[in-house]
Amino acid sequence: SVGYALYNKDNFMVAAPVKAAKSEIKDGKTSVTFKDIPLGNYAILCYHDKNNNGQMDFEANGMPKEGYGASNNDMSFGPPVWSDSKFIVGEENQSIAIRF
C-alpha cells in the first residue's frame, strides 16, 4: 500500500498532517482524494509501505528503506523540502501525480 499525508507549512514533516490516507496498489498505481481542504498552500508526501506496518521504515543510518515521493516530484538528495513540494489549493479540483 501507499500512505499519503497532506501538510501545510506549519506542520510539514514536524507534526501530524492536515489529512492522511492510505491506498492499495493496483496495476502499479494508487489514488487518494482529499476533500474539504481550505484554500491555501499544501504539500503531499507519500511512501510505499512495503511491509504494511503503517509507517515509513529507515535504516540505522537514517536512510529510508521504502520508496517515497513528494508533490512536484522534486526529489533531490535529502528529505523533501517545503518550498519545492508546495502547491496551491484553489477553488478548482486538481490532480497531482507523484513518482517515487
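Residues are numbered from 1 along each chain as its sequence is written, and side-chain values rest on heavy atoms, with hydrogens and water left out. Because the model is predicted, local features need pLDDT of at least 70 and side-chain atom pairs count only at pLDDT 80 or more, whereas totals for chains, interfaces and linings use all residues.

**Overall form**

The protein has one helix and five strands, where helices (H or I, at least four residues) and strands (E, at least two) are DSSP runs numbered from the N terminus. Along the sequence these elements follow the pattern β-β-β-β-α-β. The radius of gyration, taken over C-alpha atoms, is 13 Å, which agrees with the value near 13 Å for a compact globule of 100 residues, the globule rule being 2.2 Å times the number of residues to the power 0.38. The C-alpha trace spans about 40 × 30 × 20 Å along its principal axes.

Of the 100 residues, 31% are buried, a class that means under 20% relative accessible area, with exposed over 50% and partly exposed in between (1.4 Å probe, protein chains only). The protein exposes about 6,800 Å², of which carbon and sulfur atoms supply 50%; such areas come from the Shrake-Rupley method with a 1.4 Å probe. Among contacts (heavy atoms within 4.5 Å) between residues at least 6 apart in sequence, 53% join residues at least 24 apart.

**Pockets and cavity**

Spaces were found on a 1 Å grid over the protein atoms alone: a cavity is a set of points where a 1.4 Å probe fits but cannot get out, a pocket is an open set with protein on both sides within 12 Å along at least five of seven lines, and lining residues have an atom within 4 Å of a point. Grid points are joined across faces, edges and corners, and a volume is the space filled by probe spheres set on the points.

| Space | Volume | Lining by class |
|---|---|---|
| Largest pocket | about 800 Å³ | 16 nonpolar, nine polar, five charged |
| Second largest pocket | about 480 Å³ | 17 nonpolar, four polar, no charged |
| Largest cavity | about 30 Å³ | four nonpolar, two polar, two charged |

In these classes Ala, Val, Leu, Ile, Met, Phe, Trp, Tyr, Cys and Pro count as nonpolar, Asp, Glu, Lys and Arg as charged, and the others, Gly among them, as polar.

The largest pocket is lined by 30 residues, and Val32, Ile44, Gln94, Ser95 and Ile96 lie nearest its centre. Strand E1 (2-7), strand E3 (40-48) and strand E5 (87-89) are the elements that give two or more residues to this lining. The second largest pocket is lined by 21 residues, with Leu45, Tyr47, Met56, Phe58 and Tyr68 nearest its centre; here E1, E3 and strand E4 (68-70) each supply at least two residues, and E1 provides the largest share, four residues.

One cavity of 30 Å³ or more is counted. The residues that line the largest cavity include Asp74, Met75, Pro79, Pro80 and Asp84.

**Tyr4 in strand E1**

Tyr4 is placed in strand E1 and counts as buried because its relative accessibility is 11%. Leaving aside neighbours within four places in sequence, Tyr4 is in contact with several residues, among them Lys19, Ser23, Val32, Phe34, Ile44, Leu45 and Cys46. The C-alpha atoms of Tyr4 and Tyr68 are separated by 9.8 Å, although the two residues are 64 residues apart along the chain.
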